[in-house]
There are 2 protein chains.
Amino acid sequence: MAQYSRLDGVFAAVSDPTRRAVLRRLGTGPASIGELAAPFGMALPSFMKHIGYLEKTGLITTRKTGRVRVCTLERASFDAIESWLSEQRGIWAGRTDRLEQFVTAADPDTRLDTETLS
Amino acid sequence: MAQYSRLDGVFAAVSDPTRRAVLRRLGTGPASIGELAAPFGMALPSFMKHIGYLEKTGLITTRKTGRVRVCTLERASFDAIESWLSEQRGIWAGRTDRLEQFVTAADPDTRLDTETLS
DNA sequence: GGCTAACTTAGCCGCATGGCTCAGTATTCA
DNA sequence: TGAATACTGAGCCATGCGGCTAAGTTAGCC
């Protein structure tokens with residue numbers, strides 16, 4: 001059991017203030033590592049871990065051009081959170097059937113997470 | 001500042017599949033610790049840690065009656081997630097001013113210049 | 001070629017998380 | 001009263017996170 005859901009990673013990634021700040025900045029457009037790291041009084045390797053985490057969970061993508069790595073926000077990955085919220089709210093409303101739309105339309109991980117409980 | 005910490009905790013709490021399952025179950029109504037723990041092949045003290053975490057972050061409240069502790073979902077605490085999503089989407093849309101209502105104590109990174117997109 | 005900028009890799013450290021067991025406490029029930 | 005139920009507390013352990021430094025690599029420029 002304990003199947004890993006995409007949600008695990010997404011929520012964990014978003015639980016850190018540094019990473020949320022990065023996501024916020026990337027919401028305005030792509031940026032390089034150095035540019036993103038500048039506002040934080042943090043060693044670059046430390047900052048890179050955050051970037052690596054965000055990329056691993058699919059919240060951002062990166063591409064290296066020359067010696068500069070550019071990060072781009074992946075807006076679609078936020079849908080997992082939205083879906084989860086909708087699911088939860090659907091349960092509160094007492095109509096689980098309704099959210100089948102969201103869940104089945106989402107990625108396999110979300111489905112897995114759903115059937116973990118029942 | 002320091003209004004983050006709530007989001008930190010909420011997202012961290014929600015990043016665990018066991019805890020999400022608990023939240024889902026509690027969405028249908030209050031339940032005792034034992035009742036909640038039953039579906040998981042987990043020692044009770046381990047499970048209690050999850051409950052403690054959920055309570056600490058305000059996602060649930062608990063009350064002990066006799067020897068049974070009953071847990072209740074605190075729906076309002078989900079608003080923090082909703083607000084954060086709204087903020088993020090607001091940034092994508094290029095209008096930060098609008099979401100000032102939600103995020104009052106945001107940090108300096110929230111500001112951005114209106115350029116691309118409407 | 002040689003210098004600098006922009007990462008990148010390797011490795012260390014302290015603390016928190018998520019699991020466990022082995023008791024202990026407090027109700028409830030026969 | 002005594003046993004069973006339902007937690008609760010203490011403490012151990014492995015892993016992972018978030019920070020650091022030091023050294024290496026690659027690209028761009030004079």
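A:Thr18 has its place in helix 2 (residues 17–26) of chain A, where helices (H or I, at least four residues) and strands (E, at least two) are DSSP runs numbered from the N terminus. This is a predicted model, in which local features need pLDDT of at least 70 and side-chain atom pairs count only at pLDDT 80 or more, while totals for chains, interfaces and linings use all residues. Residues are numbered from 1 along each chain as its sequence is written, chains are lettered from A and ligands numbered from 1 in the order in which they are written, and side-chain values use heavy atoms, with hydrogens and water left out.

With a relative accessible area of 12%, A:Thr18 is buried, a term that means under 20% relative accessible area, with exposed meaning over 50% and partly exposed in between (1.4 Å probe, protein chains only). Leaving aside neighbours within four places in sequence, A:Thr18 is in contact with A:Phe40, A:Met42, A:Phe47 and A:His50, contact being heavy atoms within 4.5 Å.

Turning to the two chains, chain B can be laid on chain A with an RMSD of 0.1 Å by a turn of 179° and a shift of 0.0 Å along the axis, the superposition being by least squares on the C-alpha atoms of residues with pLDDT of at least 70 in both. The two copies are thus related as by a two-fold rotation axis. Of the interface residues of chain B, 77% are also interface residues in chain A, so the copies meet through the same surface.

A:Phe78 and B:Trp92 form an edge-to-face aromatic pair, 5.0 Å centre to centre with 85° between the planes; rings of Phe, Tyr and Trp (its six-membered ring) pair if their centres lie within 6.5 Å, and planes under 30 degrees apart count as stacked, over 60 as edge-to-face and the rest as tilted. This pair crosses between chains, from the loop between strand 3 (68–73) and helix 5 (79–92) of chain A to helix 5 (residues 79–92) of chain B, and both A:Phe78 and B:Trp92 are buried.

Of the 22 residues around DNA strand D, those that come nearest are A:Ser46, A:Lys49, A:His50, B:Gly34 and B:Arg67, a residue being near a strand if one of its heavy atoms lies within 4 Å of it. Helix 4 of chain A gives the most to this surface, with five residues. A polar side-chain atom of B:Arg69 lies 2.9 Å from a phosphate oxygen of DNA strand D.

Key: A polar contact is a pair of N or O atoms within 3.5 Å; within protein, one must be able to donate a hydrogen and the other to accept it, and residues adjacent in sequence count only if both atoms are side-chain atoms.
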